[in-house]
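Q: I am new to this kind of picture and would like to learn how to read it, feature by feature. Could we go through it together?

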Amino acid sequence: MTQVAEKEILLNGTQAVAYAAMYADVDVTAAYPIRPYTEVMDTISKLIADGQLDAEFIIAEGEHGQFEIVKHASLVGARTLVGTSGVGWLYAMEAIVVTATDRAPVVAVIGNRALDDPGAYGVEHNDALMVRDVGWLLVWVDTAQEAFDTALLAYRIGEDPRVLIPVGVSMDGGFLTHSEQIVRLPDRELVKSFLPPYDRGKLRVHPDNPISVAPQVNEDWVTEIRRQHDEGMERAREVIKEAYESFKKTFGRYPGTTRDITMPENPFVEPYMVEDADVILVGMGTVSKPMKVAIKNMREKGVKAGMLRIRWFRPFPAEDVMKYLANAKVVCVVDRDYSLGSPFRGGVVYHEVRSSLYDLDERPKVLSFIGGLGGREITIQDVEKIIKIGVEQRDTPLTRHTYWVNVRGDPW
Amino acid sequence: MGEEDVKYVEITYRGIFQKRLAKYVAEGLVYMARDMGKSAVSFGRYGDSPERNGVPAKYYVAVGNVSEEDLIGYSTRVEPEYVDVIAVLDDTLLKGVESWAWQGVQPINLKLRKDGAMIVTSRKPMEEMVKLTPSKDFQWTLGKLNWDRSFSGLWAFNDDTTMERVWGAIAKVRPDIVDIQHVVSYVKSHKKDKLNERLKAVEEAYEGLVIKTMNPGEGVEFKYAPPRLLTWQEMMEGTAIPAVPRGGRNEQFKRGTTKTERPTVDFDACIKCDLCWVYCPDECFDKTPDGYYDIAYDYCVGCGICAEVCPVKNCIVMVDEKRLPDYTRPYGMWKANKVEYKKWLQNARAEVRERPIVPGLGR
């Protein structure tokens, strides 16, 4: 398909999502500032002020109110954008949980930020991961292009009548929220054909459709409501696949692909040089970028390394994880989060990956690397070190499960 | 082609007052470098706090003859290991740069690579600028963009051709990063209004840039050692840190480089009322044996509260930071020679500062 109206502009991750919301023609956005999310609301307000977007821009009194506003707007049939970071996400937690149980498909940007205390505005994934068990779709992106594309996809997926589940689009504070890259913006007419209007049907709260949402039900209904939600989460897998295919058909490129960057065609994960790899790194977000450079460097030295970036964390791509990691000798999961007191003291993604591999007849060793917390860099050199540890562990009995990356006071 | 082929431009600016300017300078450079067939991205130094008045902050542009994927891989950093060009948007930053990161007061050209260049927006004569500029142990280029610093608010952009001038100056010293043809073509294609004025600004900066080759050791000595941060075993548990001892100050975090204006004191007018000492939010005033208050300028952020609460007309007056070369305390100067001090004071106060903020009524 021709794309005469496509253009390229320089955007950072937060701006890219705001642009996607404009292309998706959102109706309502609720805002409350916290770094690194803030530039989302800055950009939206500018787009509205410049006459490029017609939407209600509501300043909330705090994050809890912010998420309540979009939940209600979504239930009456409005397409919404919301977002926050770190402790802002946690302050809104009650509203965030009911947004999922009431099946309001809001799209939330989470500029990942360390949880206070101490004060730090750098990336950590524990903020978004706080909702990993309560029925949100969760996705991590690693470029501004992917942020734009994924936000568009999020509306299509979340609003699908088979799903009706909110989507949290996570991006690393600083490394993506405050980093500008060239983004391909599609023809707006094509977006209209990709993204149908949001229609809740019989679930729309409206005087012409009298329903009540969220009654007090206790033990009589709760289990069935959770079971329904579980089924919706599972149906999302198919809907995600369909949406990525449709994106490709409509815009002539796979999501995340730019003029310079090619994405393998798998919505859930990004495999990189995994085919013959002995040591495979797993991570979420921008850590993929130094990982790829380090993998190339190590391959020049004869080390067969690869990477599997987890894009969709909920629903978790267990099948893809099994498929791509089955032939590895060692899997090094790099978590930009922590799960203190968990089995083997490992990170959150480590446990998901390790659990996914359990049914394989021959399992690779799985190591947990915790690092990059509070905005600290995970450098190319750090990744090379991780690969070296993976190589060292390849042929010996496993003596240690978890390593902290580049922490002052431990050997590294 | 690898990481060593990547060039970095560092834009050093003041929080809020120059945040838009720095970002737009970076944005233009990315487009120009891409027009030249290179990969380019930009990023703010995330440990900074650019949404606070005057706090020194940095923006980076990475340019390379490498794939964009690799370039992003190399530059997914808080800050690069080295920089090739530094654009300093306010010459008072030459006194030092301390961001919100715990790295101490750093010299302005800390990360400059051999044969690199630093361009400073300044009205000072070159020889005066050299006396403020930290030396390096290799040869490099110092450029003076003869132009006033441009300040505005967080949301506003002062579209006064500073941006175009910085581009022109960079093209002069490092055409390998962006050349003048691509600066001109970018301005022509991206800026519809005031085009002639913009192009003239580019040309003026390109042709008029004052350039000096700095030899090894030339400039002033600026002692800097990165602070030694504690290990997890050494730190207090529970996110606790020891308090600064009474009467002492935090050696690791000073904040004085934040100020763009500072209080000057006429000790002859002072009535020793203590209000400056009471109200200073950063405890910069030290009581002297004879009851006056000396000022620790390296801790003063220039908020102006002392000038606001001082009840005596013209006793504490805020002056533009650019009129003073260093952080020498005033009380010793006054004690040493009161006549000379009066002259110094008059000179410092000779020019009324145009302020982005209005801190007080003390004048």
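This is a predicted model: local features need pLDDT of at least 70, side-chain atom pairs count only at pLDDT 80 or more; totals for chains, interfaces and linings use all residues.

Q: What share of the residues in chain B is buried?
A: Of the 363 residues in chain B, 49% are buried. As for contacts, if one takes those in chain B with a separation of 6 or more, 78% of them join residues 24 or more positions apart.

Q: How should I read a sheet, and in what order do the nine strands of the open sheet lie?
A: The general idea is that strands of a sheet pair through backbone hydrogen bonds, either parallel or antiparallel. Here nine strands form an open sheet with mixed pairing, and their order is β1(A)-β8(A)-β2(B)-β3(B)-β1(B)-β4(B)-β5(B)-β6(B)-β7(B). At the edges are β1 (7–12) of chain A and β7 (210–214) of chain B, each of which pairs on one side only. From one strand to the next the twist averages 25°. Helix α7 (residues 144–158) of chain A packs on this sheet, where it touches β1 and β8 (179–185) of chain A, and the direction of α7 makes about 50° with that of β8(A).

Q: In which sense do β1 and β4 of chain B pair, parallel or antiparallel?
A: Strand β1 (residues 7–14) and strand β4 (residues 83–88), both of chain B, pair in the parallel sense over four bridges. Within this pair, I11(B) stands opposite A87(B) of β4(B).

Q: Which strand of chain B does β8(A) pair with?
A: β8(A) pairs with strand β2 (residues 39–44) of chain B, in the antiparallel sense and over two bridges. In β2(B), S42(B) is the bridge partner of E180(A).

Q: How many residues of each chain are in contact with the other chain?
A: There are 23 residues of chain A in contact with 26 residues of chain B. On the side of chain A that touches chain B, β8 and α10 (288–300) of chain A each supply at least two residues. Sorted by class, that side of chain A has eight nonpolar, eight polar and seven charged residues.

Q: What is a core, and which residues have the most contacts inside the largest nonpolar core?
A: In soluble globular proteins, nonpolar side chains tend to be buried together. The largest nonpolar core here has 193 residues, and those with the most contacts inside it are V17(A), V169(A), I280(A), V333(A), V9(B), A87(B) and I170(B). If its neighbours within four places in sequence are left aside, A87(B) is in contact with V9(B), I11(B), V25(B), I119(B), V166(B) and I170(B). Another core, of 24 residues, lies apart from the largest one and includes C315(B), V317(B), Y341(B) and L345(B).

Q: Which strands make up the six-stranded open sheet of chain A?
A: Its order is β9-β11-β10-β13-β14-β15 (chain A), again with mixed pairing. The edge strands, each pairing on one side only, are β9 (269–272) and β15 (402–404) of chain A, and the twist averages 20° from one strand to the next. α10(A) packs on this sheet, touching β9, β10 (279–283) and β11 of chain A, and the direction of α10(A) makes about 165° with that of β11(A).

Q: Which pairs of strands could I look at inside this sheet?
A: One is β9(A) with strand β11 (residues 305–310) of chain A, antiparallel over four bridges, where E270(A) stands opposite R309(A). Another is strand β13 (residues 330–335) of chain A with β14(A), which run parallel and are joined by six bridges; here V333(A) has S368(A) as its bridge partner. Strand β14 (residues 365–370) of chain A is mostly covered, since five of its six residues are buried.

Q: Why does Y186(B) count as buried?
A: Y186(B) counts as buried because it has 21 C-beta neighbours inside 10 Å, and the cut-off for a buried residue is 20 or more. Y186(B) lies in helix α5 (residues 180–190) of chain B. Neighbours within four places in sequence aside, Y186(B) is in contact with G28(B), Y31(B), M32(B) and D35(B).

Note on methods:
Residues are numbered from 1 along each chain as its sequence is written. Chains are lettered from A and ligands numbered from 1 in the order in which they are written. Two strands pair if DSSP finds at least two bridges between them. Axes are lines fitted to C-alpha atoms, for helices over the stretch in contact, and angles run from 0 to 180 degrees between N-to-C directions. Two residues are in contact if their C-beta atoms, placed from the backbone, lie within 7 Å. A residue is buried if 20 or more other C-beta atoms lie within 10 Å of its own, exposed if 12 or fewer, and partly exposed in between; C-beta atoms are placed from the backbone. A nonpolar core is a set of buried Ala, Val, Leu, Ile, Met, Phe, Trp, Tyr and Cys residues joined through C-beta atoms within 7 Å. Ala, Val, Leu, Ile, Met, Phe, Trp, Tyr, Cys and Pro count as nonpolar, Asp, Glu, Lys and Arg as charged, and the others, Gly among them, as polar.
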